[in-house]
Amino acid sequence: MAPFPALRRIEVIELGTSVAVAGAGRILRQLGLTVYHPQQDELDPAIATYYQRGKLSFSDRVETEHDRRTIVLTDAASSASTLPAELTDDVVVRVTPLGEAAIDVQPADEIAVAALAGLAHLTPRDIPFIDERSQPPLAMPGRLVSNYAAIATAVAALAAVYSEVERRVDVDVSMLEVILPTLRREIAYYAYDGSVASRFMRVWRLAPWGVKPSRDGYFFVQVVEEHHWRGLVELMGSPEWALDPDLLDPIIRFERRAEVDAKVAEWFATQTNEDLVKMTTERNLPFAAVNHPRDLIRMPQIVHRGFVDRSTGDVDLSLPFHVRRAAA
């Protein structure tokens with residue numbers, strides 16, 4: 001059921017075949033809009049299973065009802081000039097790597113956008129036990145840039161629909177502009193300190209910190225405040241080495257991080273993730289299990305809020321929020 005009944009009067013047509021367009025269409029479909037996508041889909045089949053579930057083939061589209069609005073999602077590889085005549089007074093959202101102004105010099109994929117934004121220069125970062133200078137720049141995990149662009153495209157499309165502009169509304173979404181706000185810390189770092197962040201710097205000077213092997217998986221640890229350290233020491237049974245009063249000072253702990261991390265890792269290797277989750281939660285420690293997808297869909301809070309949708313017989317993910325009143 002659509003959380004916003006008014007959205008049922010809006011249809012979406014995907015002319016583009018990029019992940020950003022498909023992702024925006026997925027969000028709008030989950031909000032209750034009818035979404036049509038191209039019959040010849042250029043997405044990888046595994047990706048299409050996630051992004052195109054619940055959408056209709058463009059060949060199944062019937063003539064638009066008089067009072068129905070249409071949103072057209074397109075990208076750099078598609079031309080808005082090919083729009084059917086009856087769609088010229090509706091909303092067209094075009095998402096491209098650098099925006100319309102640079103349409104003739106668009107990079108080939110989102111890896112180039114990540115590099116232009118500076119994200120590649122920051123990835124990976126803070127990988128324990130690896131010589132930092134041996135770390136080459138890496139692409140973002142998954143399709144992070146495209147998924148950020150998808151969210152912006154979906155929001156821009158709905159804003160345009162409700163803008164009450166009589167003529168056709170054209171919206172220009174730049175993937176580069178969308179991803180730049182994720183660098184808020186690095187931009188502030190340059191603005192206030194004049195330094196350029198990179199994957200070779202450790203922004204958070206914390207110890208212990210990082211992913212530690214457990215008895216049956218991996219567990220993430222970060223000690224920020226003094227009560228985090230005291231709680232961890234208690235958790236480990238208050239071993240003599242951890243009772244050194246100097247280790248209450250985070251600066252000293254960081255200076256002795258090789259020793260501290262090794263001792264902590266040794267203890268974590270003896271514990272199961274299930275026990276660790278219980279014990280760290282009881283002590284309000286900001287630690288977390290590194291979950292396998294099969295573990296994630298069984299997590300109590302995920303199950304309780306219905307984030308995993310099995311209504312179609314397959315495993316799907318619902319929207320990350322619930323809307324209980326249309327007036328919202």
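The model is predicted: local features need pLDDT of at least 70, side-chain atom pairs count only at pLDDT 80 or more, and totals for chains, interfaces and linings use all residues. Residues are numbered from 1 along each chain as its sequence is written, and side-chain values use heavy atoms, with hydrogens and water left out.

Next, colour strand 7 (residues 209-213), where valine 211 lies. Strands are DSSP runs of E with at least two residues, helices are runs of H or I with at least four, and both are numbered from the N terminus. The protein chain has 13 helices and 11 strands.

Now show the whole protein chain. Of its 328 residues, 42% count as buried.

Go inside and select Leu28, Leu33, Ile71, Leu73, Leu119 and Val145, the residues with the most contacts inside the largest nonpolar core, which has 40 residues. Such a core is a set of buried Ala, Val, Leu, Ile, Met, Phe, Trp, Tyr and Cys residues joined through side-chain atoms within 4.5 Å. Helix 5 (residues 144-161) gives the most to this core, with nine residues. A second, separate core of 20 residues includes Trp229, Leu235, Met236 and Ala289.

Finish at leucine 73. Leaving aside neighbours within four places in sequence, leucine 73 is in contact (heavy atoms within 4.5 Å) with residues including Val12, Leu15, Val21, Leu28, Val93 and Thr153.

Conventions. Buried < 20%, exposed > 50% of the residue type's maximum accessible area, 1.4 Å probe, protein only.
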